[in-house]
Amino acid sequence: MMIKSKIHKALNKQVNVEFSAFYSYLSIAAYFESHHMHGFASWFKVQSNEEFKHAMRLFEYIISRGEKVVLTAIEKPEIEGKSFLSVFEAAYAQELKVSDLIDDLVDLAKNEHDHATEIMLQWFVTEQVEEENTANTNVERFKFIKDTTEGIDAFDRELGVRKST
């Protein structure tokens, strides 16, 4: 029932990465709220919620395997003074980093012959394809509209319709 020490440690690290992403996206939502970009803020609140759910999925898996979840401190996100585009680019970079970490976890599970963990992680692999695509699309859309007020306002409204699932 218990998982190998290497995998337990790596899964705990990933739980903390997901909680850090939750915190980062919530901070971005606050940043956009402070700039009266309520659609962008709403989109990042939903994204923050998704990251929380990802962390909890791993959290519950670790517990189901008879192990202990170990939480660590979350570093304060630094986004003040950045452009809107650079905030979206940072979100995309974060998704790329998470994808790399998930791939590393899958490789570790394979190497350790932990089939249950490998199967569980496939959900995250699929999810990260969607996350990367969405984040990249947002960056490319922002580059396309550049700094036009009309484009930014329209994009803000568009992203604001996203609802939590």
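Biologist: Let's start with pockets, then: what volume does the largest one have?

Modeller: The largest pocket in this predicted model has a volume of about 480 Å³.

Biologist: And how many residues line the largest pocket, and which lie nearest its centre?

Modeller: The lining is made up of 23 residues, and those that lie nearest the centre of the pocket are S20, S24, E75, Q94 and K97.

Biologist: Which elements give two or more residues to that lining?

Modeller: Those elements are α1, which covers residues 5–34, and α3, which covers residues 84–111. The largest share of the lining comes from α1, which contributes eight residues.

Biologist: How do the lining residues divide into nonpolar, polar and charged?

Modeller: Twelve of the residues in the lining of the largest pocket are nonpolar, while five are polar and six are charged.

Biologist: Back to α3 for a moment, how far does it reach from its first C-alpha to its last?

Modeller: The helix α3 has 28 residues and spans 41 Å between those two atoms, which is close to the 40 Å expected at 1.5 Å a residue. Just after α3 comes H113, and this residue takes a positive phi of about 55°.

Biologist: Is H36 buried or exposed, and what about K146?

Modeller: H36 counts as exposed because its relative accessibility is 59%, and exposed here means over 50%. K146 is exposed as well, with a relative accessible area of 57%.

Biologist: Changing topic, where does N138 lie?

Modeller: N138 lies in helix α4, which runs over residues 115–145.

Biologist: Why does N138 count as buried?

Modeller: N138 counts as buried because its relative accessibility is 6%, and the cut-off for buried is under 20%.

Biologist: So which residues is N138 in contact with, leaving aside its neighbours within four places in sequence?

Modeller: With those neighbours left aside, N138 is in contact with W43, F88, F155 and L159.

Definitions and conventions:
Residues are numbered from 1 along each chain as its sequence is written. This is a predicted model: local features need pLDDT of at least 70, side-chain atom pairs count only at pLDDT 80 or more; totals for chains, interfaces and linings use all residues. Side-chain values use heavy atoms; hydrogens and water are left out. On a 1 Å grid over the protein atoms alone, a cavity is a set of points where a 1.4 Å probe fits but cannot get out, and a pocket is an open set with protein on both sides within 12 Å along at least five of seven lines; lining residues have an atom within 4 Å of a point. Grid points are joined across faces, edges and corners, and a volume is the space filled by probe spheres set on the points. Helices (H or I, at least four residues) and strands (E, at least two) are DSSP runs, numbered from the N terminus. Ala, Val, Leu, Ile, Met, Phe, Trp, Tyr, Cys and Pro count as nonpolar, Asp, Glu, Lys and Arg as charged, and the others, Gly among them, as polar. Buried means under 20% relative accessible area, exposed over 50%, partly exposed in between (1.4 Å probe, protein chains only). Contact means heavy atoms within 4.5 Å. The expected span of a helix is 1.5 Å times one less than its number of residues.
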